[in-house]
Each structure stands twice: as structure tokens, then as C-alpha cells.
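Subject: A structure for you to look at

Dear colleague,

I am passing on the structure that we talked about, and below it you will find a short account of what came out of going through it. Please read the account with the model open beside you.

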Amino acid sequence: MSQTPVIRIGLCGFGTVGQGVWKHFTRSRTELENRLGVRLELHRVAVRKLRKARSVRIPAARLTVDALAVATDPSIQIVCELIGGTGLARELTLAALRLGKSVVSANKALICAHGAEIFATAHRHGGHFLFEASVAGGIPIIKALREGLVANRFPHIYGILNGTCNYILTQMEEQDAPYKSVLAEAKRMGYAEADEALDVQGWDTAHKASVLAWLAHGVWVKPAQMVVEGIDRITPADFKNAAVLGYGIKLLAVIARDFSSDELSVRVHPTLLPVGNVIANVSGVFNAISVTGDVVGTTLYIGRGAGQDATASAVISDIVDAAALLRGGKSAYQPAAETLPARNGCRLAPPEHIKCRYYLRLTVRDQPGVLARVASVMARHHISIASVIQNPAEVADAASLVLTTHQSHERAMRSTLRDLARLASVLERPVLLRIGDFND
Ligand SMILES: NC(=O)c1ccc[n+]([C@@H]2O[C@H](COP(=O)([O-])OP(=O)(O)OC[C@H]3O[C@@H](n4cnc5c(N)ncnc54)[C@H](OP(=O)(O)O)[C@@H]3O)[C@@H](O)[C@H]2O)c1
């Protein structure tokens, strides 16, 4: 074994993911080394607090508080950025890449905000940036898009990319429970962060959608350029209405490209999916992604989208790929992400080109003529009503009107919402959900 080359790995961050990587890497190390023909050494680990109690114990001599020193240590070839955020994480990622190292990251927020700079730096200095764990945790969706489906163009990709939201929606539906009490329970069980905004308002899903859109279409789309809507205004009544109409409700990322006009839309919103759709039946903290390629047809990926073990599985896969790249063994068939062909030329679809069917719930005064006034606003914006359900509302002297529309476009629907909210007979801000017609 003395002749066997050694590849040293530095872990920046030893929290949920970092400890999972250490635990599972240590267990499978011999097998991985045999496959690669190298020795792999988890050499140094950076944390914020040296004395913190941790469930995974490591020799104290391996620990440091200087993450940048780990990233730039000349004896380390693979740096894992498992700190999170976009400050120190960006700094140490770029520092390591400038030295030609490979960086493995689980950090979707960093990639979404600084991906272009990171990939350009990796390319310029001959290193690699690997990010399998950044989207859908343990599901190898990055590898699927980048390698397995490389022959395809992708008219649409959609799926559940945030386990916290899927857990909350599943509980609301199954327990007939309101959002706030389910969220509080999710926090108690550790499924939701103390500050839940990033998850429930759709931003975490938008970061991941941005990464997938770039991989599939070679274009960076920032969350500010997307329609991003969260789950916090959905009520148990919406699940009942959806069920009557034959649907379930999921928070989806939708990445759609029309190859005839070459327009791309990237959106995150709660979506009514037909009850027979496989993704409509994925519950709890699981993630699920449907990828339609023009050559392969539709492929589906379901699994744990977060958590220590699933995320460690993806990080270790990237460590092994990085080691293989260093050995020269895999570079022939694993294209560096930064050399993705510019399959673009595609532009973002304007709102008047984004079309779908809508579900609209209005809390209105329970009096004659209200439905006619609502219908007249919708007609003015050329929104055609497909169905109407009227239920008693939770507010006294009010009714809940649920309307579905035929295909309409986003700009007309936004104007309709604005005008409906101005009607004296509409008592609360309307709730708008999209209906997913994905034909698979
Ligand atoms: N958790 C998941 O299920 C999951 C899933 C997919 C992707 N991710 C991504 O993985 C990354 C890590 O997530 P996590 O859940 O493992 O986070 P975490 O549990 O909060 O761990 C963060 C680690 O970074 C260390 N750290 C923070 N600031 C530091 C500094 N200035 N210098 C050195 N070390 C510092 C912390 O040190 P101390 O331990 O001393 O505080 C901790 O060990 C994030 O980008 C996250 O989005 C997480």
C-alpha cells in the first residue's frame, strides 16, 4: 500500500452533512479506495466551535476553526464546502478553485447566487466543482441530467424539491390540519428550520430550480426572474376543493422550454396535480422529479431530498468522482459542468407567454350578484371560467368561491387578481394555485 497514491480531503463544516460524510465515508472507505486505486484521507475538518458536543467524534488534532486554511492547504486536493450561506462559503470555494483544487458542495444558495463565477473559476484553473448534494439530496439528479440524459433536450422538468414543504402539505391533507399548527409540529420534529421562510415561501426550491435550469438549458435564471410562490396561504379547504376536482396539491418547481419559440420559464408554485400522477402521491419529506427528454421520454426520480444520510450519500459520490478525475480515469465521460454546450440562445418567456389553467379561491360577501361581478372582472381580462364551487366560508356572512379557469396566461391572471382584490365584495386576498397539466 506504500506505493499507492494518497488523495487528501478537507471538510469545511462538520454539522449535519459534514458528520454524515465522515460517518459513511469511514465505513465505506476501503471499498472506495479499492475501486479507485488510491488512498483517501479525511485530513482536516473546519468548524466554528472546537468544543461543541457532536454525535460523530473525530480526533481533536484534525479540527480547526480556520476554514480558509483548510481550503488552501497545499496537501489537500479535494475541499468539501459544507458550511452553507454565501459569504465564507464563496470565499473558500473560490480560493480552493484558484489553486486548481476540486470543490464538492451541497450549497444550492451559493450556486444559485454565484454559479457563473464559480464555474468560470474552476474552468480557468483546471479544477472541478461538483454539486450533486445541492438538489434533491440523495437523488442523483445532477448526474442524471449531466451524464445519463446527455443525448436529450428537456421540454419540461418538474418536481418536489423541498421536503419540508412536502411534509407540511402532506400533514395538512392527511390530518385536515391548518398550516400554522402543522408548521409548529414540523419545527418540533426538526423537519422545519426555526426560520421557515426560505422553505415555505419557495426560495429554497427556487435555488434548486435555478441549478437544474442551468444544467438542462445552460442559462442562469435567478429567483427574482421566476414566479415564486409559497405554501403559507393554503388551507385544509383547498385540499378538499382540489380532491373534489380530482387533484392533490404539491409545491413544484417547473422548468419548461418551448423549443419552437425557444423560450424558457422557471417557476415555483403550489400546483394541483391529478390524483393519478405519481408525483401527486409522493408524501412526507420525500422529493420527486419528473424529467422529460426529447429522446428518452419521461423519467422519474424519487427519494430522500435532505437529511444527514441522503445528503452524505451524494457528497461521497462527488468525492469519489473528484478523486477519479484526479486519477484521470473518468474525465473522458464526465464532462466538466462548465463546458456545457451553450444550448441557449433561449430567452426567458414573458408572462403573457406562460400559460396554464388556474384554481382561484375567493372569500366573498354572501349576497346576490357577487359571482356576476367576479365573472365580469375575469371576462374583462379574457379569463374563461371552467368550473365554480361555492362553499360556506370560515368568516361569518361570507362564502368561499372556487373557480377553475381554462388555459390563460400569467399576465392576464395577475391583472385579474389585482382587480378582484379591489372589489368591495371580495373580503380577503385571493388564493391562486396553478393546475399542472404535464401529460405524463
Ligand atoms: N442538512 C441537510 O439535510 C442538507 C441537505 C442538502 C444540502 N444541505 C446543505 O449543506 C450545507 C451544510 O448544511 P448543514 O445542515 O450540515 O449545516 P449545519 O448543520 O448548520 O453545519 C454547518 C457547519 O459549518 C460550520 N461553520 C459555520 N460557520 C463556520 C465558520 N465561520 N468557520 C468554520 N466552520 C463554520 C459549523 O460549525 P459548528 O459545528 O462549530 O457550529 C457546522 O459544523 C448547506 O449549504 C446546506 O444548504 C443540507
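Predicted model: local features only at pLDDT ≥ 70, side-chain atom pairs only at ≥ 80, totals over all residues.

The C-alpha trace spans about 85 × 50 × 35 Å along its principal axes, and the chain holds 13 helices and 18 strands. Of the contacts with a separation of 6 or more, 75% are between residues 24 or more positions apart.

Turning to the interior, buried residues make up 45% of the chain. In soluble globular proteins, nonpolar side chains tend to be buried together. Here the largest nonpolar core has 132 residues, among which Cys12, Cys80, Ile255 and Val315 touch the most other members; helix α11 (residues 308-327) gives this core its largest share, 10 residues. If you select Cys12, you will find that the residues it touches, leaving aside those up to four places away in sequence, include Ala46, Val70, Cys80 and Leu92.

Which residues are the closest to the ligand? They are Gly13, Gly15, Val17, Gly84 and Ala106, in a shell of 24 residues that surround the ligand. By class, this shell has 12 nonpolar, nine polar and three charged residues, and its largest share, three residues, comes from helix α1 (residues 16-36).

With best wishes

Notes:
Residues numbered from 1 in each chain as written. Helix = DSSP H or I, 4+ residues; strand = E, 2+ residues; numbered from the N terminus. Buried ≥ 20, exposed ≤ 12 C-beta atoms within 10 Å, placed from the backbone. Contact = placed C-beta atoms within 7 Å. Near = placed C-beta within 6 Å. Nonpolar A, V, L, I, M, F, W, Y, C, P; charged D, E, K, R; others polar. Core = buried A, V, L, I, M, F, W, Y, C linked by C-beta atoms within 7 Å.
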